[in-house]
Amino acid sequence: MDFALNADQQAIREAVGQTVARFDDDYWLERDREGGFPEDFYRAMADAGWLGIAMPAEYGGAGLGIQEAALMMETVSASGAGLSGASAIHMNVFGLHPVVVHGSAAQKERWLPPIIRGDHKACFGVTEPNTGLNTLKLRTLARRQGDRYVVNGQKIWISTAQVASKILLLARTTPLEEVSEPTRGLSLFYTDLDRSRISVREIEKMGRKAVDSNELFIDGLEVPVADRIGEEGMGFSYILHGLNPERVLLAAEATGLGRAALRRAVGYAAERVVFDRPIGKNQGVQHPLAERWVDLEAAELLYRRAAWLYDQGKPCAAEANAAKFFCAEAGFRACETAVLTHGGMGYAKEYHVERYLREAMLPRIAPVSPQLILCHIAEKVLGLPKSY
Ligand SMILES: Cc1cc2nc3c(=O)[nH]c(=O)nc-3n(C[C@H](O)[C@H](O)[C@H](O)COP(=O)(O)OP(=O)(O)OC[C@H]3O[C@@H](n4cnc5c(N)ncnc54)[C@H](O)[C@@H]3O)c2cc1C
């Protein structure tokens, strides 16, 4: 068993670190205050070739695995970019996986190079206001009319829809009552985000202001049949393929955010003098920080194992879910401890840790909640009855 990063992985960590070092905590603090997509960061990552890290080499990607992509996302997040930086590029890095696996040669040629170069931004439209985590009940309807589909419906929480030109859209092509199995009848499209047919309303939210999330009202969106990925009715199975690696990337991002918080907390504990001694000289301050370090080490091992399994083509649903669950909680705990270590200053924006804490809620909630992960593990690993 070899836990060391190989030479390429170490080089990736260093080189990504250099690219993101240009965007310091003050940059992200300003993005958090003002909002607005971090275009210069996105461009820097694209120009350095990082967006295509896990994309096929024949379309301009680096053809590497989820292990390398996760390492990159942890490095981005740990730089202080947190979820704002990671979410700005998340869709480019892995969102088009269903196209890689199920798209035709013509679709890959058309769609992959621009997303790898960063010329296209895409959003992912799954969640709906009335169905929540019960994806099989999605209602947005795509009705076939000749060589196109006409789509009507509503989506919610769709990130980057303010700036995206494309949308990866999951919609129902057969009414639920008419499908042979509940997993059938949903189709996956990758198409233009036509703002004359989709109205996009930003949701004011707790953190990650730089990367917008939105309600989408879709009214008569025309989607050419050529923009459907794979077979009609099989969309749910196509997105399932991408769920495990997506969970691994989120796990890595949460771990990175925890590391950023821990770094700041340790720095503050070493410098802040109260009762004539650095606060970090007290065990009551040291021990929570040391515990958070242990958490984050365990978190890294979990997500790296899940990534390794995925890259080996082995089943990894339990491990990817466990990584997403544990890393999100470990990241959150580290951010909470960082705020508490700073005392009153933990609540001040200029010390950055309150921003991290707000962002740390996100990997706990999305793309799947902790409860649903535990339901999955209880059922699939422990053999208990399905509870939902
Ligand atoms: C900032 C942000 C960005 C997002 N970006 C995107 C995006 O780009 N694209 C996209 O499609 N979605 C996106 N989402 C949506 C996200 O994936 C969902 O919010 C998440 O999956 C939870 O779904 P829900 O909000 O509908 O919760 P609900 O399904 O309403 O659930 C609410 C709560 O009830 C719990 N619950 C429900 N049923 C059960 C049960 N049977 N047993 C136990 N607990 C249960 C859930 O675990 C959860 O805690 C984003 C969300 C956020 C907050």
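Colleague: Which side chain places an N or O atom 2.9 Å from a nitrogen atom of the ligand?

Modeller: A pair of N or O atoms within 3.5 Å counts as a polar contact. In this predicted model, the side chain of Ser 159 provides that atom. Thr 127 also has a polar side-chain atom placed 2.7 Å from a ligand nitrogen.

Colleague: How much of the ligand does the protein bury?

Modeller: Start from the ligand taken alone, which exposes 970 Å². The protein buries 65% of that area.

Colleague: How many residues surround the ligand, and which are the closest?

Modeller: There are 17 in the shell, and the closest are Phe 124, Thr 127, Leu 133, Trp 157 and Ser 369.

Colleague: Which elements supply at least two residues each?

Modeller: Those are β3 (148-159), α11 (362-365) and α12 (370-381). β3 gives the largest share, three residues.

Colleague: Why does the ligand lie between two domains?

Modeller: Look at who contributes to the shell: domain 2 (122-231) and domain 3 (237-381) both give residues, so the ligand lies between them.

Colleague: What does UniProt place at residues 233-366?

Modeller: An unreviewed UniProt entry lists "domain: Acyl-CoA dehydrogenase/oxidase C-terminal" there. In the model, that stretch is 77% helix and 3% strand, with its end C-alpha atoms 25 Å apart.

Definitions and conventions:
Residues are numbered from 1 along each chain as its sequence is written. This is a predicted model: local features need pLDDT of at least 70, side-chain atom pairs count only at pLDDT 80 or more; totals for chains, interfaces and linings use all residues. Side-chain values use heavy atoms; hydrogens and water are left out. A residue is near a molecule or strand if one of its heavy atoms lies within 4 Å of it. A polar contact is a pair of N or O atoms within 3.5 Å; within protein, one must be able to donate a hydrogen and the other to accept it, and residues adjacent in sequence count only if both atoms are side-chain atoms. Accessible areas come from the Shrake-Rupley method with a 1.4 Å probe; for residues, only the protein chains shown count as cover. Helices (H or I, at least four residues) and strands (E, at least two) are DSSP runs, numbered from the N terminus. Domain bounds come from an automatic or database domain assignment. UniProt positions are given in the numbering used here, feature names are shortened, and annotations may be inferred rather than shown by experiment.
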